[in-house]
Amino acid sequence: THAYPFYGPGPQAGIATPPQRHIVYMTFDLTSTDPRDLQILLARWSASIAQMMKGEPISKVDPGRPNAGALDTGEALDLAPASLSVTVGLGPGVFDDRLGLQAFRPKALRPLKHLPGDALLPEISGGDLSLQACADDPQVAYHAVRVLARLAKSTGTAATRWAIMGFGRASAGVGQSTPRNLLGFRDGTRNIVTEQDRAKFVWSDNPGWGAGGSYQVVRKIRMFIESWDTDRVDDQNEVFGRFKVSGAPLTGTHEFDTPDFKAQGPHGPVIPANAHMRLAAHEHHNGLKILRRGYNYTDGINSLGMLDAGLLFLSYQNDPHAFETLQTRLGASDALNEYISHIASGVFFVPPAPPEGSYIGAHMFA
Ligand code: HEM
């Protein structure tokens, strides 16, 4: 079992970190307009996350005084750190006129614009704060979010807004084999894996926030699983422009073969004009790339008895506009749209990790 450091210098864990197996993701609404309350919450969250990432409880579970309540709820006590990372995001609402922190707004932070195909449910979208807890043990990830939610509530600073649990990473990091999403395809084959690409596309250089910040976009994307499962495999291959089993592009034989978007077959391009891979590829967006860090999720079955599951899409980029650019194209033309629906959305700035002894966002309160 591995323990990642919480403190910087550098970015928070959970962005370039090779994706762990499980995720618990939660967003919060501010319930106080006093910036002091937010300051105290971010300081407490930071100290608590640092403890938990080491595999330690945030307080004694048996307090010295028998009639005292414990801050740590105890269910992760005998579990190892399990590669836990908890990544804190600040939403656009932190910087609106409620708290007087407008001067610190990261310059590209604003709600995402309406995008083609959006079927967003407001009650599970947005939020002023986000927590992305990833770990190789789901109980470790859940415990982290649970105790942090409790701290937010007990101080009256923030209330839970929406949450989602994901299992099975649907993206690969450095040195990892490419996992599969719930449509059965390898996901993350052509993802950002080098520090050179991260410097170019992921880390933002917002003045005042230091190096290693990034913008997090989250989308809950429902899949119409029953419908997908009736589709023939050769048609499924054409939806993505890749072969299901090998992950190779339709113009190649091995997973990492470079796709040949110009190759023609008897009925037109071998990688169809509306294939997901073609429409998302950097070759068709002036070289633009984003870092994808998605997970599979399920909410069980819906009221009609159908499988309720999909992709918890998470991406990191140095400007949320990069996501908008890609999704504008995908939402309008992607062959995959017949089988998916974007039902929740959020955007957050992820500040760099604080140095030891400090906390996330400290410079806003100096
Ligand atoms: C590629 C699945 C949504 C951006 C891929 C690939 C798969 C896939 C199987 C090919 C393998 C790979 O290179 O990773 C899905 C599924 C989605 C989804 C199942 C929804 C449920 C999105 C969204 C975006 C996106 C919303 C961004 C707006 C990309 C990009 C690539 C990609 C940039 C790499 C294209 C390339 O350069 O070859 N996706 N994806 N995907 N997807 Fe998605």
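Trp228 and Phe240 are both buried (under 20% relative accessible area with a 1.4 Å probe, protein chains only). The model is predicted, so local features need pLDDT of at least 70 and side-chain atom pairs count only at pLDDT 80 or more, while totals for chains, interfaces and linings use all residues. Residues are numbered from 1 along each chain as its sequence is written, and side-chain values use heavy atoms, with hydrogens and water left out.

Let us begin with the rings. The structure holds eleven aromatic pairs, meaning rings of Phe, Tyr and Trp (its six-membered ring) with centres within 6.5 Å. In one of them, the ring centres of Trp228 and Phe240 are 6.0 Å apart and the planes meet at 70°, so this pair is edge-to-face (planes over 60 degrees apart). Trp228 belongs to helix 4 (residues 225-229) and Phe240 to helix 5 (residues 233-240), so the pair ties together parts that are twelve residues apart in sequence. Helices here are DSSP runs of H or I with at least four residues, and strands are E runs of at least two, numbered from the N terminus. Elsewhere, Phe95, Trp209, Tyr215 and Phe349 make up one aromatic cluster.

Next comes the largest pocket, whose volume is about 880 Å³. On a 1 Å grid over the protein atoms alone, a pocket is an open set of points where a 1.4 Å probe fits, with protein on both sides within 12 Å along at least five of seven lines; lining residues have an atom within 4 Å of a point. The volume is the space filled by probe spheres set on the points, which are joined across faces, edges and corners. The lining comprises 41 residues, with Asp187, Arg190, His276, Ala280 and Arg292 nearest the centre. Helix 7 gives the most to this lining, with five residues.

Definitions and conventions
Phe/Tyr/Trp six-rings, centres within 6.5 Å; stacked < 30°, edge-to-face > 60°. Buried < 20%, exposed > 50% of the residue type's maximum accessible area, 1.4 Å probe, protein only.
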